[in-house]
Amino acid sequence: MTANTNYPDNITALYARLSQEDALDGESNSIANQKKILMKFATDSGFPNLTFFIDDGVSGVTFDRPGWNEMIRLAEAGKIRTVIVKDMSRMGRDYLKVGYYTESFFAERDIRYIAINDGVDSDKGDNDFTPFRNLFNGFYARDTSKKIRAVMRAKGNAREHLCTNPPYGYQKDLADKKKWIVDEEAAEIVKRFFDLCISGKGPMQIAKLLTAQHVLTVKAHYAQRDGKPLPEKPYQWSPKSVAGILERPEYTGCTVNFKTYSKSHKLKKRLHNAPENQRVFPNTQPAIIEEQVFARVRELRENKRRPAKQAERQGLFSGLLYCADCGSKLHFATGKNMTPQQDCYRCSRYKSNTGDCTMHFIREETLKLFVLQRIFDVTALFFDDAMAFEEAAKKQRFQEAEKEAKKRRREIAQAEKRIGELDRIFQTHL
């Protein structure tokens with residue numbers, strides 16, 4: 001994109017675009033070659049106020065490009081009279097969007113559109129082949145996307161890391177860029193995160209602690225390692241960054257591929273992939289965190305204990321109680337004007353009569369009495385009759401195992417039913 005911000009009127013916009021895939025075609029599609037072709041054509045044709053708008057390394061499938069957006073902004077302001085590109089594919093590879101701009105957007109604003117190599121000039125009337133060129137450009141983008149996905153799928157299934165950069169705590173092995181080795185300095189910070197989490201601290205508390213102790217953030221650590229200037233706030237940790245580190249299983253030494261996916265090559269938004277569609281390969285790099293430690297942190301994170309908004313105190317049973325009616329978690333409720341005897345747990349789906357559950361709660365003091373009485377009963381049973389206690393414990397474990405077995409049998413039955421349905425579908429289409 002041009003650096004000029006004082007644009008004249010009646011601009012002749014010379015637009016050039018190159019994606020990483022297009023770069024594989026060689027010099028013909030390079031930005032330098034496009035600029036040379038555009039400048040010669042515009043100069044020979046006598047177009048005024050020549051202004052370049054460049055997008056280097058941006059896919060033609062998306063139209064959210066810096067250079068393109070600036071050109072469209074000026075077109076909407078009435079400053080552009082002509083748009084010239086090397087060929088239709090430089091404008092984009094989504095035939096619907098290209099058709100909208102060439103047949104509607106530019107036409108409504110009386111903007112002349114020229115694609116040099118394709119012989120397209122809106123001032124000379126419609127070109128019957130233009131829609132077909134747009135369609136073929138769309139096919140090219142889709143075919144390229146399929147090939148790239150196939151390559152990534154093959155790499156992912158071959159235990160290769162699909163992410164460009166290793167997570168914080170690792171670095172690429174200079175002898176083999178496909179391998180990760182431990183970044184000792186960062187790895188110590190990662191270990192500290194997990195230790196602090198197990199000791200009862202959440203991401204917010206950990207972030208505040210590391211910020212106060214002037215521990216370099218991830219970005220600042222990379223900048224220092226690479227000899228670059230530190231960011232503006234090199235010690236300002238965010239809870240989101242801490243949580244992201246605590247949730248990465250790669251620290252146990254495994255590789256997790258296909259964690260996200262996109263629905264279409266036209267949509268850049270990445271969606272979370274279901275666990276059964278992911279591939280996990282153990283022992284692909286040295287472990288920083290033991291699997292038992294990671295599992296314990298994940299368990300703690302799944303049962304978060306958040307401090308109440310009105311006070312710093314946490315409920316003793318926060319994250320452990322569920323509503324008997326709707327199954328939602330019970331939130332701890334307290335306040336500055338409430339005594340400890342008034343602290344309670346209430347359904348998170350009640351929401352002051354605006355939710356879809358009824359108003360019911362239990363006092364924390366009452367719950368403490370129930371739990372304490374239960375502890376006394378179990379302890380008394382053990383001392384009075386150890387054999388009966390052991391028998392009761394075995395019975396409870398058996399019931400839990402039986403419940404889990406029934407769940408597995410239902411899942412297997414559903415899977416077998418689905419397999420049968422798929423077999424019938426395949427036979428019908430053979």
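Contact here means heavy atoms within 4.5 Å. This is a predicted model, where local features need pLDDT of at least 70 and side-chain atom pairs count only at pLDDT 80 or more, while totals for chains, interfaces and linings use all residues. Residues are numbered from 1 along each chain as its sequence is written, and side-chain values use heavy atoms, with hydrogens and water left out.

**View 1. Where α7 meets α9.** Pro203, Met204, Ile206 and Ala207 in α7 touch Pro239, Val242, Ala243 and Leu246 in α9. Sorting these contact residues gives eight nonpolar, no polar and no charged (Ala, Val, Leu, Ile, Met, Phe, Trp, Tyr, Cys and Pro count as nonpolar, Asp, Glu, Lys and Arg as charged, and the others, Gly among them, as polar). The axes of α7 (residues 203-212) and α9 (residues 239-246) come within 8 Å and cross at roughly 115 degrees, so α7 is roughly perpendicular to α9. Axes are lines fitted to C-alpha atoms, for helices over the stretch in contact, with angles from 0 to 180 degrees between N-to-C directions. Under 35 degrees counts as roughly parallel, over 145 as roughly antiparallel, 65 to 115 as roughly perpendicular, and the rest as oblique. The α7 and α9 crossing is right-handed (near helix turned clockwise from the far one by less than a right angle; anticlockwise is left-handed).

**View 2. Where α6 meets α10.** Helix α6 (residues 184-198) and helix α10 (residues 291-302) have axes that come within 10 Å and cross at roughly 50 degrees, which means the pair is oblique. This crossing of α6 and α10 is left-handed. On the α6 side the contact uses Phe194, Cys197 and Ile198, and on the α10 side Val293, Phe294, Arg296, Val297, Leu300 and Arg301. That set splits into seven nonpolar, no polar and two charged.

**View 3. Lys86 in its loop.** Lys86 sits in the loop between β3 (80-85) and α3 (88-91). Helices (H or I, at least four residues) and strands (E, at least two) are DSSP runs, numbered from the N terminus. Lys86 counts as buried because its relative accessibility is 7%; buried means under 20% relative accessible area, exposed over 50%, and partly exposed in between (1.4 Å probe, protein chains only). Its side chain makes a polar contact with the side chain of Asp87 at 3.1 Å. A polar contact is a pair of N or O atoms within 3.5 Å; within protein, one must be able to donate a hydrogen and the other to accept it, and residues adjacent in sequence count only if both atoms are side-chain atoms.
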